[in-house]
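I opened the notebook to go through one structure. I wanted the sheet, a helix and the charged pairs.

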Amino acid sequence: MIEPVLSDDALLKDIAAARAETDGGERFCMWWLGQSGYLIQFRGMHLLIDPYISESLTKKYAGTDKPHVRMTRCPIAPERLDFVDVVTSSHNHTDHLDAESLKPLLQANPKIKLIAPEANRAFVAERLGIERSGPVGMDDGKRIDISIQTASKQISMLRVSGIASAHEKLEKDEHGRDKFLGYIFQFGKWSIYHSGDTVKYTGIYDRLRRFKIDLALLPINGALPERRVAGNLSGIEAARLAKDIGAGCVIPCHYEMFEFNTADPNDEFIPECKSLAQPYRVLRCGERFSSTEIAG
């Protein structure tokens with residue numbers, strides 16, 4: 001079992017320390033919580049992206065022909081993250097919409113805003129046992145602005161834009177709304193792209209370039225038919241996507257969670273980033289990243 005760099009009390013202490021260091025400034029900090037989950041902190045605002053911080057899938061598939069054996073210990077219990085302002089789900093797969101993570105999180109943060117694809121709103125509400133009006137619905141091309149009053153009484157502005165993801169293809173509901181989304185988060189001077197689960201598709205490069213992405217968070221586990229699950233970008237594809245959209249830095253994700261569906265950044269991702277002169281950073285679970293590491 002891989003141990004997080006920071007977990008439980010130590011992780012919370014680091015988050016608090018970073019908040020004191022950056023409150024009111026232009027710097028942001030971010031922690032990888034495993035799989036595709038990240039916690040971003042900026043001026044006292046806390047954004048939680050696609051959290052999977054439970055054992056739900058390991059329990060669900062135990063004793064089946066597709067066991068989800070956890071590789072990395074869970075870094076934090078969701079109810080301990082009682083300071084989160086916004087949480088997102090990119091699509092309905094449990095490692096991106098986990099009731100055992102989100103229910104305690106919603107209870108611990110009564111004023112939290114939950115963002116999910118509009119196409120999935122009814123499903124999200126049913127899974128989490130909340131009113132259908134609860135989630136903020138997003139779609140490809142939609143943009144919302146959220147004003148957040150932080151604990152220090154500052155007002156932080158967060159802009160969220162939806163961009164379609166293909167897992168492994170673009171899928172829409174009967175109203176033409178995308179079931180799989182990536183999100184572009186803009187705050188202060190920063191622009192961060194979290195793709196959710198995706199492969200490349202026609203037009204994605206041009207659409208992303210206009211956002212002038214500072215940081216791209218991309219999966220690298222690839223698409224192997226023998227896994228019997230929908231695939232993602234490979235390490236090479238993630239590095240090339242980051243380069244093609246002009247990302248200031250790229251961080252890989254969606255690995256070291258389940259033994260049957262993982263990748264090693266050293267095999268493809270890192271060599272390709274080096275070959276392309278694409279700035280990158282590889283995080284360990286529970287490790288802090290700072291915007292000071294972004295070139296330019």
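**Charged pairs**

I looked up R73 and found it partly exposed, at 28% relative accessibility. The model is predicted, so side-chain atom pairs count only at pLDDT 80 or more. I then asked which residue forms a salt bridge with R73. It is D8, with the closest N and O atoms 3.5 Å apart. D8 sits in helix 1 (residues 8-22), and R73 sits in the loop between helix 2 (56-60) and strand 4, so the pair ties together parts that are 65 residues apart in sequence. D8 is partly exposed, with a relative accessible area of 28%.

I noted the total next: the structure holds 21 salt bridges. Side chains of opposite charge can pair when their charged atoms come close.

I turned to R27. R27 forms a salt bridge with E21, and their closest N and O atoms are 3.5 Å apart. R27 is partly exposed at 26% relative accessibility. E21 also counts as partly exposed, at 49%. I followed the links from there. D14, E21, R27 and R288 belong to a network of salt bridges.

I looked up one more pair. E287 and R284 meet through their side chains in a salt bridge, at 3.7 Å from N to O. R284 counts as exposed at 52%. The cut-offs behind those words are under 20% for buried and over 50% for exposed.

Seven strands form an open sheet in the order 6-5-4-3-2-1-13, and the pairing is mixed. Strand 6 (136-138) and strand 13 (288-290) are the edge strands, each pairing on one side only. The twist averages 20 degrees from one strand to the next.

I took strand 1 (residues 28-34) in detail. How many of its residues are buried? Seven of its seven are, and I logged the strand as mostly covered. Strand 1 pairs with strand 2 (residues 37-42) in the antiparallel sense, over six bridges. On its other pairing, strand 1 runs antiparallel to strand 13, and three bridges join them.

In strand 13, the bridge partner of W31 is R288. R288 had already come up in the salt-bridge network with D14, E21 and R27.

I checked the hairpin of strand 1 and strand 2. Two residues lie between the strands, and Q35 takes a positive phi near 55 degrees.

I then looked for a parallel pair. Strand 4 (residues 86-88) and strand 5 (residues 113-117) pair in the parallel sense over three bridges. V87 has L114 as its bridge partner in strand 5.

**Helix 3**

I listed the buried residues of helix 3 (residues 99-108). They are A99, S101, L102, L105 and L106.

Notes
Residues are numbered from 1 along each chain as its sequence is written. This is a predicted model: local features need pLDDT of at least 70, side-chain atom pairs count only at pLDDT 80 or more; totals for chains, interfaces and linings use all residues. Side-chain values use heavy atoms; hydrogens and water are left out. Two strands pair if DSSP finds at least two bridges between them. Helices (H or I, at least four residues) and strands (E, at least two) are DSSP runs, numbered from the N terminus. Axes are lines fitted to C-alpha atoms, for helices over the stretch in contact, and angles run from 0 to 180 degrees between N-to-C directions. Buried means under 20% relative accessible area, exposed over 50%, partly exposed in between (1.4 Å probe, protein chains only). A salt bridge is a side-chain nitrogen of Lys or Arg within 4 Å of a carboxyl oxygen of Asp or Glu.
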